[in-house]
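Dear colleague,

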Amino acid sequence: MGKDRRRRPPGRTGAAATARPAPAAPTSPADGGPPLLTADDLHVSMGGRQLLDMPTLAVPPGGCLGLVGVNGSGKSTLLKALAGLYRLDRGTVLLDGHPVREHELGFRQQVGVFLDDTDCFPDLTVAEHVRMVATAHGLGQGAADRCTRVLDLLGLRHRADAFPDTLSAGQRQLLLLAAVLVRPARLLLLDEPEARLDTGARERLADTLRQSRADGTAIVMAVHDQDLVERVADQVMVLDGGRVVDHGPTAEVLDRGATPWR
């Protein structure tokens with residue numbers, strides 16, 4: 001499964017790092033509450049090669065876990081395991097106390113998934129595409145308003161009547177994100193949502209995800225962008241070779257220097 005966005009984020013040193021303003025700390029409406037998503041003793045292998053060895057994670061409603069690490073560290077594998085897309089060698093993934101089963105309608109109604117193989121409908125305009133997803137997920141007469149709101153938040157409303165093949169790479173990424181974010185979801189699983197986005201679009205994405213958190217949505221996202229992690233995530237998990245090398249509150253993990261940005 002190839003990605004066309006392989007890169008390692010540059011580190012920040014010297015005066016530029018010192019001058020950078022600190023982002024506002026993200027907050028969760030459910031801090032200290034029971035977790036919505038839990039995973040324990042996750043082991044995934046393929047062809048005799050171990051891809052994932054992870055002891056535990058827990059994300060409450062309104063919480064955000066940022067997964068960081070270099071390419072090949074296991075971020076996408078963990079997201080797919082949480083989405084029920086991998087057969088586990090052992091371990092459990094629970095959503096609100098119930099085993100994750102990707103094929104079940106109840107799971108799909110509660111979880112929005114954005115992975116590297118996401119695609120769109122080429123014969124639908126941006127607005128038609130997003131509105132169709134909203135309608136399919138039960139928004140009914142509110143689908144059009146929800147569609148407009150999400151496109152506004154992501155800065156894509158001016159391309160509402162455009163077809164996918166006329167969009168830039170960044171605009172296409174925003175369309176695919178809008179199709180995930182427009183639907184009501186208790187949990188979002190996002191693989192590099194900031195890829196292909198310019199600085200302004202990344203800031204709008206951060207604001208949109210913070211709003212989702214404020215609405216009580218839990219988020220697990222694999223990211224390469226330190227700004228997005230700092231602005232959105234309240235906890236960070238650092239992966240290397242499918243293993244957890246650090247995990248804790250965002251500021252503490254970043255201060256310990258185990259991330260690719262050290």
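Helices (H or I, at least four residues) and strands (E, at least two) are DSSP runs, and they are numbered from the N terminus. Please bear in mind that this is a predicted model, in which local features need pLDDT of at least 70 and side-chain atom pairs count only at pLDDT 80 or more, while totals for chains, interfaces and linings use all residues. Residues are numbered from 1 along each chain as its sequence is written, and side-chain values use heavy atoms, with hydrogens and water left out.

I begin with helix α2, which spans residues 75-82 and is mostly covered, since 8 of its 8 residues are buried (buried means under 20% relative accessible area, exposed over 50%, and partly exposed in between, with a 1.4 Å probe and protein chains only). The buried residues of α2 are K75, S76, T77, L78, L79, K80, A81 and L82. Just after α2, G84 takes a positive phi of about 75 degrees.

Positive phi values also occur in residues other than glycine. D96, in the loop between β4 (90-95) and β5 (98-99), has a phi near 55 degrees, and this residue counts as partly exposed because its relative accessibility is 39%. E192, in the loop between β7 (187-191) and α7 (199-214), has a phi near 50 degrees, but E192 is buried, with a relative accessible area of 1%.

Next comes a pair of helices. Helix α5 (residues 143-154) packs with α7 at an angle of about 135 degrees, their axes lying 8 Å apart; axes are lines fitted to C-alpha atoms, for helices over the stretch in contact, and angles run from 0 to 180 degrees between N-to-C directions. The two helices α5 and α7 are therefore oblique to each other, given that angles under 35 degrees count as roughly parallel, over 145 as roughly antiparallel, 65 to 115 as roughly perpendicular and the rest as oblique. In this packing, R149, L153 and L154 of α5 meet R204, L205, T208 and Q211 of α7, where contact means heavy atoms within 4.5 Å.

Finally, D246 sits in strand β10 (residues 243-249) and is buried, with a relative accessible area of 13%. Leaving aside residues up to four places away in sequence, D246 touches V236, M237, V238, V253, R256 and A258.

With best wishes
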